[in-house]
Each structure stands twice: as structure tokens, then as C-alpha cells.
Protein chains: 2
Amino acid sequence: MSSRATPLGEFDLIERFFKTGADSMRSKADQGVTLGIGDDCALIKPPGNEEIAITSDMLVEGRHFFAGADPTLLARKALAVNLSDLAAMGASPLGFTLAIALPKVDEVWLEAFSKGLFAIAKEYSCPLIGGDTTAGPLTISITAFGSIPAGKAIRRSGAKAGDDVWVSGAVGDARLALAALRHEIDLSSEDLQRIEDRMHQPMPRIDLGIQLRDVASAALDVSDGLLGDLRHILKQSQVDAQIQLDQLPKSSILKKQESSIQNLFAACGGDDYELCFTAPSSQHEKIQEISRTLNLPLTLIGKILPQKDHQARVYLLDASGVLLSDSQAAPFLNSFDHFAQ
Amino acid sequence: MSSRATPLGEFDLIERFFKTGADSMRSKADQGVTLGIGDDCALIKPPGNEEIAITSDMLVEGRHFFAGADPTLLARKALAVNLSDLAAMGASPLGFTLAIALPKVDEVWLEAFSKGLFAIAKEYSCPLIGGDTTAGPLTISITAFGSIPAGKAIRRSGAKAGDDVWVSGAVGDARLALAALRHEIDLSSEDLQRIEDRMHQPMPRIDLGIQLRDVASAALDVSDGLLGDLRHILKQSQVDAQIQLDQLPKSSILKKQESSIQNLFAACGGDDYELCFTAPSSQHEKIQEISRTLNLPLTLIGKILPQKDHQARVYLLDASGVLLSDSQAAPFLNSFDHFAQ
């Protein structure tokens, strides 16, 4: 409630670092945003028979990213993780709001942050439409909006026994990068560079999500670890699944690691931002066609089974199709938890 | 990326403290929310020809509220400030997302927080539809959604020279409470109690906003101080304004203070969450009728003037209608800034 003026106050911040970039996108990405930054609310008007998909993610310094993280990459990732949620529903991006707490007004940092933010916003035609800036420990809270024809959203609850389980791209690289940065594992600097990009610059699978609208029975994005996340589908669909551990798609760099590390990182590494989805086996050809069209590997990794006992069970098979014992399987069936210490 | 289980992890938190309360509201407040908590995104489907109003506010411990603040009141206020933004556009609440960083999992605190949150959510038929929980310094980021017939939103840019300037309720009480809590001012414990409620429990003027859709030419909610906020309307509408300082509506408790304090707190106190709006003088009768219907004082405090020089000028008049000098007016024309130290 101070009445003293500051060199760069809240309104200037919005105006200088966020509004200009947002305005420059209006003509290009004006798919239903009728009012952007600068009023009490933004206004969006989805086309005729569309639903709005809404997702929120909060990133906290020291928890989701290291103190001193590159602000350009950080901004990119903050929006990317939200776009990945839109992708998992099959939604097409409409726009996003940004609420950000900053320890101080650091113009160099803000310049770099807004550069990263608007670069990915443009890439995915997802304009900044509003938000809030305040002083506080560095915290980035984004809420993103997408549109999708009514009834076409791909929910977690639609998987059926007999469906195939698929995953896009490759999994485990972000976890490998983290292990290398923590010096738990040695990587050549070239490999580390390539793999760090996977950690810092996830590629939201928006085009894939849209293609899967009439194909997938259920989908989600892999943020906390493939098998742990898959269990959300199993729980909501009231089914179980069997997964072929050796079928999990891995990068050539991850494949240089010993096989237990490969499987562990691929199965429960986290931060992958690939889509895991289920589909009737009648869609097999169609999915391969989508893979070719998008030039994106889509890998069949298992099958949905009838529910045994409400435990959302994942049965793991080895390369010969033999079921792993409970104790063999246990390390693969844990998931990242932000409150785990 | 820990694989150790915790007694109460992220998913349990959502399930236990937020999803149940959210689900219990679904039947009651199911105005267009087609999918709530539990998937990658929530889905809303606004009725036919409606726009969606979107607003985000972030509250940080130590900045927007004291450490140790009552979690029930805090939750209430966190949603109220967002509802107040919806009110200022004339929007009807649809739902909200909550992203919250918590220093630790404190079940007593969470119980109290969710109680306050769902109480106000029910009161305003605004269900929780999604969000994110994480560990971190206590930070509450809410994004709220409202619907409004296309083209009917009350923007800040519509004020015209000759329009009247109005404000709802009374202003300055939250600032008075803050002054008392800081021991800058003495209040009886009874007065302090009543005035603290005004600070902790703002009443979003949703019904007023809806009534003003076809009446007001511009509106905003007063969060940072009446005159400072009014300048946002002036700037966007490219007009100036004259305000009668003695006409600002004050509570009986504020009126016990000396007149300079009264005017200062009313003009630039902040945290009022009343609506300030402009309307053609032809709407005078209609506005008085709305005031009677809602049993809410609406006070005419000034007039919109043609723009002099792009400075969004507010001219202050004393009780006899005489213009205050620049030095007399200066203390009233400052506004709260979250980055001011």
C-alpha cells in the first residue's frame, strides 16, 4: 500500500515485457480471443460448437527448476507443459494467462523470459491474453486454454480391455539428463547437450493430439513417469494393463546405458511430455499413418486388460513376454511426486 | 523424481481436499462445466452465444497476506478477488482453477483452506474445475472463468465525456483496518472487528456487474485504490475525470477519523473490491433502481471530461466544488504498487 513511485512498477512490467509481445500476436493468432491484456478480464469466444479445455501448471524455483535457470528456456518450458496437457485432450491452443511472482525486477531476466515465452507462444499460435505480476519467490503459474469440437476431447476414462497402449517419441531422456547433471551418470558433453534439450525444451504433441481425436480411446501426457501416469488412465477407465518393458521407445543416447537404467528411466523417469494413449487394435494402421504424416515415432508398448481388483495394475513383461515378479517389477511402478522429499 | 512414497502425496492432496468438494458442487453449479478435476484438462462448454471472461490473480505470503493468516479467510479472499474481476466485466461465474504452492502438507491448514474455498465457491456458484498442487513458498494462483452474452462485456475503454462516475458500497475500510493492525491508528475493538471483515472478506459485486451490462459505459473493480484504478478507465477511454472528494462513500467507522485520513483512505486505500463505473447521465434513474433492488449503495462521485493531454487526468474538487491545487491533490493521486518497497 506504499504510495512511493518505483522505477518499474507492476503496470509498467506488464506493458513493457508482456503486452507488446501479446499485441503483436493478435492479428496472427486471433482465433477467438476477443479481448487480450489490459482489462479486468480477457474475453474469448470459441467457434460455434466447441468446448474449451483448461489446464493449470505451477513451476516453483528450486522444485521444478534450478535457481539461476536460463529464463528463455524456463519460459518455454512453463508454457510447453501446459500445451502438453492441451495436446493430451486433443485440443487446439487458444491462449494462456501468466501469473508470475518475481523476487525483484530484473530487466535482463525479464527480457530473456519474455523472449522465450513469445517464441513458443507464436510457434503454437497460443497468445498471452492476461495475467498478474507480483513480487515474491520466483513462481510461474500458467493457465492455458484450447478448443475442441464438443464431445471430441480424449479423456482418461475411455480405455477398454483389448485396446493397444501407445506412446509417442522416446521416453527417459529428461531423466537421463537430470542424472548426468547430478553426476550420477557420465555422458559425453555432446550427448549431454542433446539430451539437455529434451529436458529443457519439451515438444508439446499438439498435432498428434488433434489427429488422435477420433482414434484414441484415452490419452494423457507423460509428465511424472510413463507407468505411473498410465495408471491414471487405468484407474479412471477401470482396467489393468500389460506393458512390454523392452518395447519402451528410447533414444540412441539412452540406449548406451546399461539395460536396467534404460528401462528404469524410460518407465518412470518423468518430464517426458510425450503422449501415452490407448486405441482399439482396429486403429493400428491409422496410427501408423499418423506417425508417418507427423514424422513422429508412435510405439505400441502393451495392451489394456480387464480390471482385476480396482488397483489399476500394470503387469510388466520381459523381452520374451514373461511376466516379471512383483519384486522385479516394483522399481518400475513408482512415480514422481512433488511432495516426496 | 524421488521414488519414495509419502503419507500424503500430490494426488492424494487433490483427491482429499479439493476433488470431493468440487464434485459435490457439480450437480448444483453445472452451468457448462462438462469435465472437472481429474483429467489433463477441464472442459467447459459455454451456452450458445456467450463469451468467456478470464482473469488470474496470484497471492503471495508476506506480500498479499501476513504469514500465519487464517486459511479459511485466505481461501475466501483468493477466490473473491478473482470474482471481483469477473463482476467488473459483467460476467456470471462459470468456474475456477487453483494452482497452489505449499511449504508442507499441513492437514489442519488444508482442511481450513478448502472449507473457506468451497464456501465462497458455493455462494457464487463457481466450482473448482482443475488445478495444480506443489511444494514451495505459500503462493495461491487462481484463474476464474465467467460467461457473458457476446458483446455485452463492460470494458474499461467505453467511458465518454459527460458520463457520470459511480462507485458501489463504501471505500477505504480495508486501508483503515490495515492502519489499525499496523498501530498507525487507534480503533475500538468492536470497530476493528467490523472493519477487519471488510479487509478479509470482500464481497464480489457479481449481481451488480450483471445488472450493469446494458447500463455502464465502462467499469473496473477497485483493488489498488479508487483514483489510481479510475485512471485505467481514463487511459483506455482517452478521457479525463473530475471527482468530488467529499462525495466518496465512507463507512460510519471511517467517518470517525479526521477528514484528511477519511479522504486519503477512500481515494487511494486499496483492497476495496467495489466496482467503479461510468454511465451516461440518462442512466441515473436506472442506476438508482439497481441500487434499491440490490440493497447496495451506488454513489455518484464525479464526471468524465474530454481528454486534455493523454495524461488520464483526475481533477479533484473540494466540498464547495473548488478545484484542488496540484500540491493539494497529489497525495490522493497515488496508487498501490506491488513492487513498491
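Author: Buried means under 20% relative accessible area. The structure discussed here is a predicted model.

Reader: Is Trp109(A) buried or exposed?

Author: The cut-off for buried is under 20% relative accessible area. Trp109(A) has a relative accessibility of 17%, and therefore counts as buried.

Reader: How is the aromatic pair of Trp109(A) and Phe113(A) classed?

Author: Trp109(A) and Phe113(A) are four residues apart in helix H3 (residues 107–123) of chain A, which means that about one helical turn separates them. Phe113(A), at 0% relative accessibility, counts as buried. The ring centres of Trp109(A) and Phe113(A) are 5.0 Å apart with 10 degrees between the planes, and the pair is stacked.

Reader: Which class of aromatic pair do Phe145(A) and Phe145(B) form?

Author: Planes over 60 degrees apart count as edge-to-face. The rings of Phe145(A) and Phe145(B) have centres 5.6 Å apart and planes at 85 degrees, so the pair is edge-to-face.

Reader: Which strands does the pair of Phe145(A) and Phe145(B) join, and are these residues buried or exposed?

Author: The pair crosses between chains, with Phe145(A) in strand S6 (residues 139–149) of chain A and Phe145(B) in strand S6 (residues 139–149) of chain B. Both Phe145(A) and Phe145(B) are buried.

Reader: How many residues lining the largest cavity are nonpolar, polar and charged?

Author: The largest cavity, with a volume of about 40 Å³, is lined by residues of chains A and B, including Lys45(A), Pro46(A), Glu50(A), Lys45(B), Pro46(B) and Glu50(B). Pro counts as nonpolar, Gly as polar, and Glu and Lys as charged. The lining therefore divides into four nonpolar, two polar and four charged residues.

Conventions
Residues numbered from 1 in each chain as written. Chains lettered and ligands numbered in written order. Predicted model: local features only at pLDDT ≥ 70, side-chain atom pairs only at ≥ 80, totals over all residues. Heavy atoms only, no water. Phe/Tyr/Trp six-rings, centres within 6.5 Å; stacked < 30°, edge-to-face > 60°. Helix = DSSP H or I, 4+ residues; strand = E, 2+ residues; numbered from the N terminus. Buried < 20%, exposed > 50% of the residue type's maximum accessible area, 1.4 Å probe, protein only. 1 Å grid on protein atoms, 1.4 Å probe; cavity = no way out; pocket = protein on both sides within 12 Å on 5 of 7 lines; lining within 4 Å. Points joined across faces, edges and corners; volume = space filled by probe spheres on them.
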